[in-house]
Amino acid sequence: MTQTSIPGYTYGTPQVAPSPISDADFALLKQTVLLGDEDLRHLRAAGEVLGPQVEAILDVWYGFVGANAHLVHYFSGADGRPDAQYLGRVRQRFGQWIRDTCAAQYDRAWLDYQHEIGLRHTAAKKNHTDGVVSTASHIHLRYLIAFIVPITATIKPFLANGGHSAADVDAMHAAWFKAVTLQVTLWSEPYVAPSVF
Ligand code: HEM
């Protein structure tokens with residue numbers, strides 16, 4: 001968590017409700033995605049490499065979303081067309097998320113913000129943070145999960161820009177994949193009945 005003045009970014013503040021996941025269940029989830037101490041070391045290294053490239057990374061991801069009508073639909077305003085202000089506001093928090101993903105401490109504040117991000121993709125909270133009136137009330141869970149692939153595939157060339165060995169780039173990439181899968185799994189929680197999650 002970093003102190004920022006990004007609109008709508010509430011990580012570590014009392015506005016964020018507690019995550020329902022227990023410490024024991026979270027430990028098992030980390031174990032399931034094979035995330036260990038070595039991965040944390042590689043994630044920190046990834047943060048150093050990605051930090052100065054955040055805007056270029058966001059250009060790639062926004063380019064991908066913008067090129068796919070079924071995805072950019074979720075950023076539509078009341079008229080059903082892409083809302084540039086909404087895209088811009090989310091972009092700032094997305095940039096911070098890249099930094100947070102690499103710096104994650106996996107503590108309660110972090111877990112609580114994962115719960116919040118999940119909610120912001122569902123009808124419970126989508127559009128609330130930026131006061132948007134949108135034709136899309138929620139992001140379909142199938143795309144949330146499927147998006148792990150472009151978010152992971154496209155990061156590799158950026159990881160390779162830091163002057164690390166090919167083996168270290170692979171290790172950073174594997175750690176990134178685990179960290180993103182872990183988060184999207186947590187974000188799926190508000191989509192489903194508690195007994196199913
Ligand atoms: C919000 C990441 C999938 C559309 C966000 C935020 C992040 C993020 C970091 C901002 C969280 C905050 O407010 O602090 C991701 C990741 C995904 C994913 C890592 C999957 C791996 C998707 C997909 C769509 C989407 C598939 C559909 C195109 C949105 C929208 C918001 C948002 C519209 C703003 C929600 C609001 O109104 O607050 N996402 N996202 N996301 N994302 Fe995603």
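Me: Which helix gives the most to the shell around the ligand, and with how many residues?

Reply: Helices here are DSSP runs of H or I with at least four residues, strands are E runs of at least two, and both are numbered from the N terminus. In this predicted model, H5 gives the most to that shell, with 4 residues.

Me: Good place to start! Which residues come nearest to the ligand?

Reply: A residue is near a molecule or strand if its C-beta atom, placed from the backbone, lies within 6 Å of it. There are 25 residues around the ligand, and Arg93, Trp97, Arg120, Tyr143 and Phe147 come nearest.

Me: What is the make-up of the shell by class?

Reply: Ala, Val, Leu, Ile, Met, Phe, Trp, Tyr, Cys and Pro count as nonpolar, Asp, Glu, Lys and Arg as charged, and the others, Gly among them, as polar. By that scheme the shell has 17 nonpolar, 4 polar and 4 charged residues.

Me: Before we go on, what are the confidence scores of the model and the mean pLDDT of the chain?

Reply: pLDDT is the predictor's confidence in each residue, from 0 to 100. Where it is low, the predicted coordinates should not be read in detail. Here the chain has a mean pLDDT of 97, with 98% of its residues at 70 or more, and the model scores ipTM 0.99 and pTM 0.97. As this is a predicted model, local features need pLDDT of at least 70 and side-chain atom pairs count only at pLDDT 80 or more, while totals for chains, interfaces and linings use all residues. Residues are numbered from 1 along each chain as its sequence is written.

Me: Which residues is Met172 in contact with, leaving aside its neighbours within four places in sequence?

Reply: Two residues are in contact if their C-beta atoms, placed from the backbone, lie within 7 Å. On that basis Met172 touches His42, Ala45, Ala46 and Leu159.

Me: Let's turn to the loops. Is Leu34 buried or exposed?

Reply: Leu34 counts as exposed because it has 12 C-beta neighbours inside 10 Å. Leu34 lies in the loop between H1 and H2, and its phi is near 60°, a positive value in a residue other than glycine. Helix H1 (residues 23-32) is itself hardly covered, with a count of 0 buried residues among its 10.

Me: And where is Tyr106 found?

Reply: Tyr106 sits in the loop between H5 and H6. Its phi is also positive, about 55°, although Tyr106 is not a glycine. Tyr106 is partly exposed, since 15 other C-beta atoms lie within 10 Å.

Definitions and conventions. A residue is buried if 20 or more other C-beta atoms lie within 10 Å of its own, exposed if 12 or fewer, and partly exposed in between; C-beta atoms are placed from the backbone.
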